[in-house]
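Trainee: I have a structure open and I'd like to learn how to read it. Can we go through it together?

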Amino acid sequence: MGSTVMELLYWRNPQKTGVLFGVVLLLLVSLTRFSVLSVTSHVALAVLVVTISFRACRSLLQAIKKTEEGHPFKSYLELDVALTPEQMSSCVEKLQLYLNCSLVELRRLFLVQDLLDSIKFAVLLWLLTHLGAVFNGLTLLILAVVAMFTLPIIYEKNQIQIDHFLEVMKKNAQLILAVIKSKVPGAKRKDE
C-alpha cells in the first residue's frame with residue numbers, strides 16, 4: 001500500500017495520479033461552495049446513475065445479442081467487504097496507541113515538564129491562531145492536498161538545492177535555539 005501511495009504522489013503513472021488529484025481537488029472545492037451533505041448526496045447520486053446506466057446498457061446488449069453473460073458487476077458483488085474482528089481489533093489498537101501517545105505528550109507540554117518544549121508549543125499555537133484567522137480549515141486542506149501532489153515531485157527534481165538550503169536552515173535554527181536556551185532560565189534539560 002505504501003509503495004502505491006508513493007507512486008501516486010511522485011506521478012509515476014500520470015493518468016491515475018491526475019484523475020485522483022482532480023477528483024480530490026474537485027471534491028474539496030465543491031465543499032467550499034456546498035454543504036458536506038449536499039456534496040456527498042450528489043457524488044453518491046452520480047455514481048448510482050452511472051452504475052444503473054451501465055447495468056441497463058449491458059442488459060440491453062445481452063438481450064439483443066441473446067447472450068448470458070450475467071450481472072456486469074458480479075465480480076464486485078462477490079468481493080468480501082466485511083471487516084474481520086482481527087482487522088477491527090488491529091485498527092482499534094493502533095488508534096489507542098496513537099491517542100495514548102498524544103495524551104502523554106499533551107500532558108507533558110501543558111504541564112510544562114520541559115519549559116523550552118512548552119514555549120515552542122505555545123509559539124506553534126500562537127502561529128496557528130493567526131493562520132486560522134487568515135484561512136479556514138477547508139482552504140488549508142486544499143492547500144495540503146495541492147502540496148501533497150506537487151512537493152514530492154519538485155523535491156525529486158531539485159533535491160540537491162533543496163537539501164543544501166534545508167541544511168543551512170537547520171544550522172541556523174540550532175544556533176537560535178542554543179541562544180534561547182542560554183538566555184531562558186530553566187530551559188536546560190535535566191540530562192545536560
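Trainee: At what angle do helix H2 and H3 pack, and how far apart are their axes?

Mentor: A word on the source: this is a predicted model, where local features need pLDDT of at least 70, side-chain atom pairs count only at pLDDT 80 or more, and totals for chains, interfaces and linings use all residues. Residues are numbered from 1 along each chain as its sequence is written, and side-chain values use heavy atoms, with hydrogens and water left out.

Mentor: Now the general idea: two packed helices are described by the angle between their axes and the distance between the axes. Helices here are DSSP runs (H or I, at least four residues), numbered from the N terminus. Axes are lines fitted to C-alpha atoms over the stretch in contact, and angles run from 0 to 180 degrees between N-to-C directions. Here, H2 (residues 14–33) and H3 pack at about 140 degrees, with axes 8 Å apart. That makes H2 oblique to H3 (under 35 degrees is roughly parallel, over 145 roughly antiparallel, 65 to 115 roughly perpendicular, and the rest oblique).

Trainee: Which residues make that contact?

Mentor: Contact means heavy atoms within 4.5 Å. On the H2 side you'll find Leu27, Ser30 and Leu31, and on the H3 side Val36, Val39 and Val43.

Trainee: How do H2 and H7 lie relative to each other, roughly parallel or roughly antiparallel?

Mentor: Their angle is about 170 degrees and their axes are 10 Å apart, so H2 and H7 are roughly antiparallel. Among the residues in contact are Phe21 and Leu28 of H2, and Ile142, Val145 and Phe149 of H7.

Trainee: Which residues make up the largest nonpolar core?

Mentor: A nonpolar core is a set of buried Ala, Val, Leu, Ile, Met, Phe, Trp, Tyr and Cys residues joined through side-chain atoms within 4.5 Å. Buried means under 20% relative accessible area, exposed over 50%, and partly exposed in between (1.4 Å probe, protein chains only). The largest one has six residues: Leu9, Phe21, Leu28, Ile142, Val145 and Phe149. H7 (137–157) gives the most, with three residues.

Trainee: What is the phi of Lys66, and where does Lys66 lie?

Mentor: Phi of Lys66 is positive, about 55 degrees, although Lys66 is not a glycine. Lys66 sits in the loop between H3 (36–65) and H4 (74–77), and is exposed, at 73% relative accessible area. Val112 also has a positive phi, near 50 degrees, and is partly exposed, at 42%.

Methods. Helices (H or I, at least four residues) and strands (E, at least two) are DSSP runs, numbered from the N terminus.
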